[in-house]
Amino acid sequence: MAQSSQTSFSPALQIDPELLLRAQGVRVAFFDVDGVLTDGGLYFTEAGETIKRFNTLDGHGLKLLQKAGITPAVITGRDSAPLRVRLKALGVEHAVFGTEDKRPAAEQVLASLGLDWSQAAAMGDDWPDLPVMRRSALACAPANAQIEVRHAAHYVTQARGGEGAARELCDLLLVATGRYAALLADYTA
């Protein structure tokens, strides 16, 4: 008897139902860069240029968010050519660079999208991220975030910043939208 080329597939990811409820209405996800999308280290060339290391898991997660109708947005205290190149490659259109006062920046992004705080998730690792995290419906922190930030988070990832932490938030949001299994199925056929 010939075996069907289609097999039954069930995702392995399991998420706390309370987190899923909190995440259901999220339509924009704010991400810090240093310590969230990167490992937080600052690398400099001899010429003084900043070099950043990004994780491909996080990058793919940001792309998947866009496919699911959730807008990824970046608000960061720094600005660099490598960061701009990476965000452009990922199709991230909403980014505010070089600001320590992140709440007004997030409010501008929300207004431009016609959204409010109840439709926002935020991921940060240090004190400048707290004003955005505390207002968002879902606050998330990497495992190695500063203690006050971890305490403010609804969810602390298993991964460290720059090592797949942002992807964990992306996956949580994808499950909350009901799109995770369908998106995953595209890769398991």
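## Overall form

The model is predicted. Its secondary structure comes to eight helices and eight strands. The radius of gyration is 17 Å, close to the 16 Å that the globule rule gives for 189 residues, so the protein is as compact as a globular protein of that length. Along the principal axes, the C-alpha trace spans about 65 × 40 × 30 Å.

Take the contacts between residues at least 6 apart in sequence: 56% of them join residues at least 24 apart.

## Surface, interior and charge

How much of the protein is buried? Buried residues make up 44% of the 189 residues. The protein exposes about 9900 Å². Carbon and sulfur atoms supply 49% of that area.

Charged side chains come in two sets. There are 18 positive and 22 negative side chains. The centres of the two sets lie 4 Å apart.

## The aromatic pair

A search of the whole structure finds one aromatic pair. Its members are F30 and W117, with ring centres 6.3 Å apart and planes at 50 degrees, so the pair is tilted. The cut-offs make this plain: planes under 30 degrees apart count as stacked and those over 60 as edge-to-face, so an angle in between is tilted.

Which parts of the chain does the pair tie together? F30 lies in strand β1 (residues 28-31), while W117 lies in the loop between α4 (102-113) and β6 (120-123), so the pair links parts that are 87 residues apart in sequence. Both F30 and W117 are buried.

## F30 in strand β1

F30 belongs to strand β1. Its relative accessibility is 3%, and F30 therefore counts as buried. Leaving out residues up to four places away in sequence, F30 touches A73, I75, A106, V109, L110, W117, A120, A121, A122, M123 and V132.

V36 sits in the loop between β1 and β2 (43-44). Is V36 buried or exposed? With a relative accessible area of 0%, V36 is buried. Burial here means under 20% relative accessible area, so a value of 0% qualifies.

V36 and G161 are 125 residues apart in sequence, yet their C-alpha atoms are 4.2 Å apart in space. G161 is also in contact with V36.

## A141 in strand β7

A141 is found in strand β7 (residues 138-141). Its relative accessibility is 0%, so A141 counts as buried. Beyond residues up to four places away in sequence, A141 touches M123, G124, M133, V149, R150, A153, Y155, V156 and T157.

P82 is 59 residues from A141 along the chain, and the two C-alpha atoms are separated by 23 Å.

Where does G164 lie? G164 is in the loop between β8 (155-156) and α7 (165-177). At 6% relative accessibility, G164 counts as buried.

G164 touches N55, L57, D58 and A159, not counting residues up to four places away in sequence. G164 and F54 are 110 residues apart in sequence and 9.4 Å apart in space, C-alpha to C-alpha.

Notes
Residues are numbered from 1 along each chain as its sequence is written. This is a predicted model: local features need pLDDT of at least 70, side-chain atom pairs count only at pLDDT 80 or more; totals for chains, interfaces and linings use all residues. Side-chain values use heavy atoms; hydrogens and water are left out. Helices (H or I, at least four residues) and strands (E, at least two) are DSSP runs, numbered from the N terminus. The radius of gyration is taken over C-alpha atoms; the globule rule is 2.2 Å times the number of residues to the power 0.38. Buried means under 20% relative accessible area, exposed over 50%, partly exposed in between (1.4 Å probe, protein chains only). Contact means heavy atoms within 4.5 Å. Accessible areas come from the Shrake-Rupley method with a 1.4 Å probe; for residues, only the protein chains shown count as cover. Lys and Arg count as positive and Asp and Glu as negative; His and the chain ends are not counted. The place of a charge is taken as NZ of Lys, CZ of Arg, CG of Asp or CD of Glu. Rings of Phe, Tyr and Trp (its six-membered ring) pair if their centres lie within 6.5 Å; planes under 30 degrees apart count as stacked, over 60 as edge-to-face and the rest as tilted.
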